[in-house]
Amino acid sequence: FISGSLTINGAERAFFESIEFDASDPVLIEADEINFGAGAESVAGSGLITLRPTTVSFPIDIADPPGTVSTGVLNITRDDLKALSGFSAYVIGREDVDGHAEAGTGLVKIGVLGELQNTFSVPVEIFGGAITMMDLTNDTFQFLTGDNLTLDAVGDISIKNHIRTGISGGANLILYSEIGEISQTDDASDASTSESIETATLTVSAEDGISLPFLDTDEVVLLNDGDGLVLLNELSEGGSLNVTSVSQSSAVGIGDITITTESGDLNISSTGTGVVTIGTGAITLQAGGTGSNLNVNQVVTGVIGGVSLQADETVDINAVVSNSSNGPMVATSDNGSIEQDAVLSTVGGSISFTAADDINQNANLLSSGGTVTLTATAGAITMASGVQTVSVNGTDDAVVNYTAGSNIGISII
């Protein structure tokens, strides 16, 4: 029984039998080999426990990932995790003073505790030079947690297994890469593909691109501050996706932003900062599946590259959509209407709206020299009083084409 906190720094090996820590005092164990050898729930506490290697560059294997070895690595095995009981949170790996992974820290590989079991039941933060969530040969060996999860790497984060945070994905996931890429990849080890990230709010930050094609999440907050594409896809089982913020924040960065749903609405939330790039790259927002809607309730801003808005049912534009170059601006409703209630503009690019039903233009369309084409295949085009469609830029000829299956109501062209 230990009353008070415990700190072990700079050890080569740390071995524990049965031990109980009093109250909620923190425990820090720094050693290149850590073993809890007295069996399940033999090391008990109620505070934060931190496990990290003494040698900064030492790799870490958590929960017996495939290919794990017994030497030259800090092994936090399944048996070690089963021995720990009652702690309020875990930190694994070397965290720097800025709250992110320490420079030069080793690689981290993550397995799972067992078949359909929570590997952790409380919040956990994992730090490494690069982090790989490994796939296993049994498809019921998934990475499940009972609470929030943070993966924080200097370099790349690669996710090959299903992740679920909290009961039915009700907790949150943070993915942070200081200089690398964050990606989900299919691994056929267990014959399962498109293994999802199931979480409530997904917060992602990287420098070299983000590719997450297998999401089952409610809300996304994302930043990429270098080169590389941004790809987000909500799987059919996830339904709708709410986007609070997606940003490509490097003026010299190159990479498209593509956000799609397979069977649900795509909502750009009014409470966030929208979808913005200040570098080179197109923006594509697509709500897939029968009856899906695209609701643009916050700005969509491009610089060099086009903007495409698409839905099966309604494309509802309630916030400014703009492009400061001559990239094309496209809005498409495959089986419904387009409702434009905020300005859409480009500098010399074309503007094209195509709807199966009506197009209701309640705000200006400004192309500064590009062709403007609106087509309501089986419906009407209606411009609100005082609304303008402007194609001319003072030097070029203006071209505006409006085609409708029924009526066209014109204001100012």
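**A residue and its surroundings**

Mentor: Start at I126. Leaving out residues up to four places away in sequence, I126 touches I62, I92, V108, I110, I131, L149, T150, L151 and D152. Here a contact means heavy atoms within 4.5 Å. Keep in mind that this is a predicted model: local features need pLDDT of at least 70, side-chain atom pairs count only at pLDDT 80 or more, and totals for chains, interfaces and linings use all residues. Residues are numbered from 1 along each chain as its sequence is written, and side-chain values use heavy atoms, with hydrogens and water left out.

I126 belongs to the largest nonpolar core, which has 95 residues. The residues with the most contacts inside that core are I62, I126, I259, V275, L285 and F353. A nonpolar core is a set of buried Ala, Val, Leu, Ile, Met, Phe, Trp, Tyr and Cys residues joined through side-chain atoms within 4.5 Å. Buried means under 20% relative accessible area, exposed over 50%, and partly exposed in between (1.4 Å probe, protein chains only). In soluble globular proteins, nonpolar side chains tend to be buried together.

Now look at T150, one of the partners of I126. T150 sits in strand β15, residues 149-153. Strands (E, at least two residues) and helices (H or I, at least four) are DSSP runs, numbered from the N terminus. T150 counts as buried because its relative accessible area is 15%. Beyond its neighbours within four places in sequence, T150 contacts V124, E125, I126 and I174.

I62 is another partner of I126. A63 lies in the loop between β6 (60-62) and β7 (74-76). A63 has 0% relative accessibility, so A63 is buried. Its phi is near 60°, a positive value in a residue other than glycine. Most residues other than glycine have a negative phi. S368 is a further case, with phi near 50°. S368 is placed in the loop between β38 (365-366) and β39 (372-376). S368 counts as partly exposed, because its relative accessible area is 32%.

Next, L223. Strand β21 (residues 210-224) holds L223. L223 is at 30% relative accessibility, so L223 counts as partly exposed. Its contacts outside four places in sequence are V204, S205, A206, I210, S247 and S249. L223 and G99 are 124 residues apart in sequence, and their C-alpha atoms are 17 Å apart.

S249 leads on to a cavity. Among the residues lining the largest cavity are S249, Q248, S250, G226 and T277. The lining divides into 1 nonpolar residue, 9 polar and no charged. The volume of the largest cavity is about 30 Å³. The count is 1 cavity of 30 Å³ or more. On a 1 Å grid over the protein atoms alone, a cavity is a set of points where a 1.4 Å probe fits but cannot get out; a pocket is an open set with protein on both sides within 12 Å along at least five of seven lines; lining residues have an atom within 4 Å of a point.

The largest pocket has a volume of about 180 Å³. It is lined by 13 residues, and the closest to its centre are L81, L84, Y90, T119 and S121. Elements α1 (78-83), β8 (84-85) and β11 (118-120) each give two or more residues to this lining. The largest share, 3 residues, comes from β11. By type, the pocket lining has 7 nonpolar, 5 polar and 1 charged residue.

D265 lies in the loop between β24 (257-261) and β25 (266-268). Apart from neighbours within four places, D265 contacts S240, L241, G291, S292, N293 and N295. D265 and G288 are 23 residues apart along the chain, with 7.6 Å between their C-alpha atoms.

Finally, the whole chain. Its secondary structure comes to 1 helix and 43 strands. The C-alpha atoms fill a box of roughly 80 × 40 × 35 Å along the principal axes. Of the 413 residues, 54% count as buried. Among contacts between residues at least 6 apart in sequence, 49% join residues at least 24 apart.

Definitions and conventions
Points joined across faces, edges and corners; volume = space filled by probe spheres on them. Nonpolar A, V, L, I, M, F, W, Y, C, P; charged D, E, K, R; others polar.
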